[in-house]
Amino acid sequence: MKKDYTKSGFLSFAITIWALVCAVFVGFFPNFSWLMLFAILVPIIASILFNNYYNRSGLVLCRVLVGALFVFSSFTKGVDPLGTKYKMLDYFIAYNIEWLNDFALALAIILIMAEFVVGICLILNLLPRLATLGASLLMIFFTISTFFDAIYNLVPDCGCFGTAIKMSNWQTFFKNLIILAVLIPLIFNNKSLVNKRVTILGQSLFTFIFLGLFVGFEIYNVRHLPVIDFMDWKVGRDMKPVENPEPADIYLTFKNIETGETEEYLSPNYPWNDSVWMSQWEFVSQRQEGGTQSLGFSILNEDGDDFTHLLFETEKLFVIVAPYLNEMTDNDFAECQRIYDFAIDNEYSYLWITSVNPEYVYELQEKYYMFDEVYYGDELELKSMVRSNPGLILMDNGVIIDKWSKIDFPTEDEL
């Protein structure tokens, strides 16, 4: 029997539109909702039952939509691969596979690259059947992992769109189901996706060109700073709290390395200066309740006194951010010493912020004279201030004037 392409085309278009409508409403359901789940299951079941009703136009629409989402997702992460690395470390801790920690950055770059290649191939119809297979494998992995994440809240934010878009674990899981609803017709009709206009060799060549360019883009963002900064500490932002701010309560969650037990503390009321305790517990996440402050953290001296106001009230202030001060090289220290000498000679202020134990700082103070003003902050926040260890920030009365990675510290002439 000859298929009625008018009706089938309308049906496939209707199923896809329903999935897109669900994608819009996911934003209103940060927690689990039977209504949202039922609404999403409708296009999933329909796309399975009526997969043979998708004509060429319907498949092209699905291919472009899935590809565009993969490209967008990979770009928001590729602009900040270190952020994805940090998120992977959280997952390694949650799943007790910390032996992978040393490979976190490489795995992050490869995963982001895979997302991009699959997405760009679907959009441009390059090796479409292989790209559909890749998208299917990635979505199976993402859907299963985010389901367990939503059930057990292993990691508060999966980082699916980097720091550009924040989603709850249930929203992320629902989002993945919606992608499956649009991807399923491509899986069932993969034989119809063959690109006959360009040879396999030509499609492969274009794919490898895009792959190489994107990996280069990722490596650039690792070595330098993200070309687009989606984080709060972006150049030009005034970080000063609003006038008459309401105090914010910052809660920090730590996990015992041996037992897996978690404890939540109201910052700064946790034993951050206890080296034994810090060696037994790992930082997991933080959350904020109430308040109107721009900053969600504080910088403290070794006695636990709050000195956050220095960031807002100091003119011409160089801030060296080194969450992992103990991992810095001799060249890193030399560059920081150069910036310190410039600051002293040109009437700039200067301070360090780190998350290491004060005892290690005492050792450095005996070797370097630039550690005269050191403060301590939350590791997670320090990593979001500047994606480098160490990183340099120039502030003026709370306004971020500029930021540099450790390989881009400015020369005296540039300053």
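Guide: This is a predicted model. Glutamate 363 has a relative accessible area of 52%. The cut-off for exposed is over 50%, so glutamate 363 counts as exposed.

Visitor: Which helix holds glutamate 363, and which residues form the negative surface patch?

Guide: Glutamate 363 sits in helix H12, residues 358-367. The negative surface patch consists of Asp274, Glu359, Glu363 and Glu366.

Visitor: How many salt bridges does the structure hold, and how far apart are the closest N and O atoms of lysine 77 and glutamate 115?

Guide: The structure holds 8 salt bridges. Lysine 77 and glutamate 115 form a salt bridge. Lysine 77 is in helix H3 (residues 56-78) and glutamate 115 in helix H5 (residues 104-124), so the pair, 38 residues apart, links distant parts of the chain. The closest N and O atoms are 2.8 Å apart.

Visitor: Is lysine 77 buried or exposed, and is glutamate 115 buried or exposed?

Guide: Buried means under 20% relative accessible area. Lysine 77 has 5% relative accessibility, so lysine 77 is buried. Glutamate 115 has 4%, so glutamate 115 is also buried.

Visitor: Which parts does the salt bridge of arginine 387 and aspartate 80 tie together, and how many residues apart in sequence are they?

Guide: The side chains of arginine 387 and aspartate 80 meet at 2.9 Å, N to O. Arginine 387 lies in the loop between helix H13 (379-385) and strand S7 (391-396), and aspartate 80 in the loop between H3 and H4, so the pair ties together parts that are 307 residues apart in sequence.

Visitor: Are lysine 383 and glutamate 379 each buried or partly exposed?

Guide: The two form a salt bridge, with the closest N and O atoms 3.4 Å apart. Both lie in helix H13, 4 residues apart, which is about one turn of the helix. Lysine 383 has a relative accessible area of 8%, so lysine 383 is buried. At 23% relative accessibility, glutamate 379 is partly exposed.

Visitor: How far apart are the end C-alpha atoms of helix H4?

Guide: Helix H4 covers residues 81-94, which is 14 residues. At 1.5 Å a residue, the helix should span 20 Å. The end C-alpha atoms agree with this, being 20 Å apart.

Visitor: How many residues of H4 are buried, and which residue just after H4 takes a positive phi?

Guide: H4 is mostly covered, with 12 of its 14 residues buried. Among them are Pro81, Tyr86, Lys87 and Phe92. Just after H4, a positive phi of about 55 degrees is taken by asparagine 96.

Conventions: Residues numbered from 1 in each chain as written. Predicted model: local features only at pLDDT ≥ 70, side-chain atom pairs only at ≥ 80, totals over all residues. Heavy atoms only, no water. Patch = residues over 30% accessible without salt bridge, like charges linked within 9 Å, V, L, I, M, F, W, Y side chains within 5 Å. Areas by Shrake-Rupley, 256 points an atom, 1.4 Å probe, with all protein chains shown as cover. Salt bridge = Lys/Arg side-chain N within 4 Å of Asp/Glu carboxyl O. Lys, Arg positive; Asp, Glu negative; His and termini not counted. Charge placed at Lys NZ, Arg CZ, Asp CG, Glu CD. Helix = DSSP H or I, 4+ residues; strand = E, 2+ residues; numbered from the N terminus. Buried < 20%, exposed > 50% of the residue type's maximum accessible area, 1.4 Å probe, protein only. Expected span 1.5 Å × (residues − 1).
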